[in-house]
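Here is a friendly walk through a protein structure, helix by helix. Keep the viewer open as you read.

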Amino acid sequence: MDTPRASRAIATLVLAVLAAILVWVVATPIAGLDLHAGGWSISPGAIIPAVLVPGILAWVLRIAFEPSPRGPLIWTIIVLVVLVLSLLGPVVMGASGPILLALLAMHVLAGVVLVVGLRGPRGTVHVSRTPRTQERVEPL
């Protein structure tokens, strides 16, 4: 495993967790909301695995799709679909009003951090692990 890529992925996972906890801090201690949905109380202890588990799965999926030329595109579509579907969770669990907004913000913020961070900067995805040599074409 490439150390800079692993370091970036780990940093992304940590940032996604911190982003979700930041929303919790703003919503709970600062705004005074009691974050809960479907009988579940939303706390940092619940947020950490809720972000890390899908984040690690997205990372593994990213690695699996890396050899394919269309892998990054397919991966991005899959994780964006999963992110959109995850937004249904708080709604289905009965959250409403400011609590729903806070939970949706948590999902979106953590999800965007994961997608952007695990995908990496544009142009850094390589199909081959061997460097390409650029051929020079002479005009006729």
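In H3, the buried residues are Gly 71, Pro 72, Trp 75, Thr 76, Val 79 and Leu 83. They sit on the same side of H3, because the arc they cover around the axis is only 125°. The cover over the buried residues of H3 includes H2 and H5. On the face of H3 turned away from the buried side, you will find the exposed residues Val 84 and Leu 85. Please keep in mind that this is a predicted model.

## The chain as a whole

Stepping back, the protein chain has 5 helices and 2 strands. Their pattern along the sequence reads α-β-β-α-α-α-α. Of the 140 residues in the protein chain, 30% are buried. The accessible surface of the protein chain is about 9300 Å², and carbon and sulfur atoms account for 72% of that surface.

How much of the contact count in the protein chain, at a separation of 6 or more, comes from residues 24 or more positions apart? The share is 73%.

Which residues make the nonpolar surface patch? Leu 73, Ile 77, Val 81, Leu 85, Leu 88 and Val 92 do, and the patch has an area of about 580 Å². Both helix H3 (71-86) and helix H4 (88-92) supply at least two residues of the nonpolar patch. H3 gives the most, with 4 residues.

Ile 77 is a handy member of the patch to look at. This residue lies in helix H3. Its relative accessible area is 48%, so Ile 77 is partly exposed.

## Helix H2

Helix H2 covers residues 44-65, and its 22 residues should span 32 Å at 1.5 Å a residue. The end C-alpha atoms of H2 are 31 Å apart, which agrees. The buried residues in H2 are Ile 47, Val 51, Gly 55, Ala 58, Trp 59 and Arg 62. Because they cover an arc of only 105° around the axis, they fall on the same side of H2.

What does the face of H2 turned away from its buried side carry? There you will see the exposed residues Gly 45, Leu 57, Val 60 and Ala 64. Gly 45 has a relative accessibility of 56%, so this residue counts as exposed. Gly 45 and Ile 21 are 24 residues apart in sequence, and their C-alpha atoms are 9.6 Å apart in space.

Helix H5 (residues 97-119) has 23 residues. From its first C-alpha to its last, H5 reaches 33 Å, close to the 33 Å expected at 1.5 Å a residue. Buried residues in H5 include Ile 99, Leu 100, Met 106, Leu 114, Gly 117 and Leu 118. Just after H5, Gly 120 takes a positive phi of about 90°.

Thr 12 is found in helix H1 (residues 3-30). Is Thr 12 buried or exposed? With a relative accessible area of 5%, Thr 12 falls under the 20% cut-off and is therefore buried. Leaving aside residues up to four places away in sequence, Thr 12 touches Val 113, Leu 114, Gly 117 and Leu 118. Among these, Leu 114, Gly 117 and Leu 118 are themselves buried in H5.

## One salt bridge

The structure holds 1 salt bridge. Glu 66 forms this salt bridge with Arg 5, and the closest N and O atoms are 2.2 Å apart. The pair links distant parts of the chain, 61 residues apart: Glu 66 is in the loop between H2 and H3, while Arg 5 is in helix H1.

How do the two partners compare in accessibility? Glu 66 counts as buried at 11% relative accessibility, whereas Arg 5 counts as partly exposed at 37%.

Notes. Residues numbered from 1 in each chain as written. Predicted model: local features only at pLDDT ≥ 70, side-chain atom pairs only at ≥ 80, totals over all residues. Heavy atoms only, no water. Patch = residues over 30% accessible without salt bridge, like charges linked within 9 Å, V, L, I, M, F, W, Y side chains within 5 Å. Areas by Shrake-Rupley, 256 points an atom, 1.4 Å probe, with all protein chains shown as cover. Salt bridge = Lys/Arg side-chain N within 4 Å of Asp/Glu carboxyl O. Buried < 20%, exposed > 50% of the residue type's maximum accessible area, 1.4 Å probe, protein only. Expected span 1.5 Å × (residues − 1). Arc of directions from axis to C-beta. Contact = heavy atoms within 4.5 Å.
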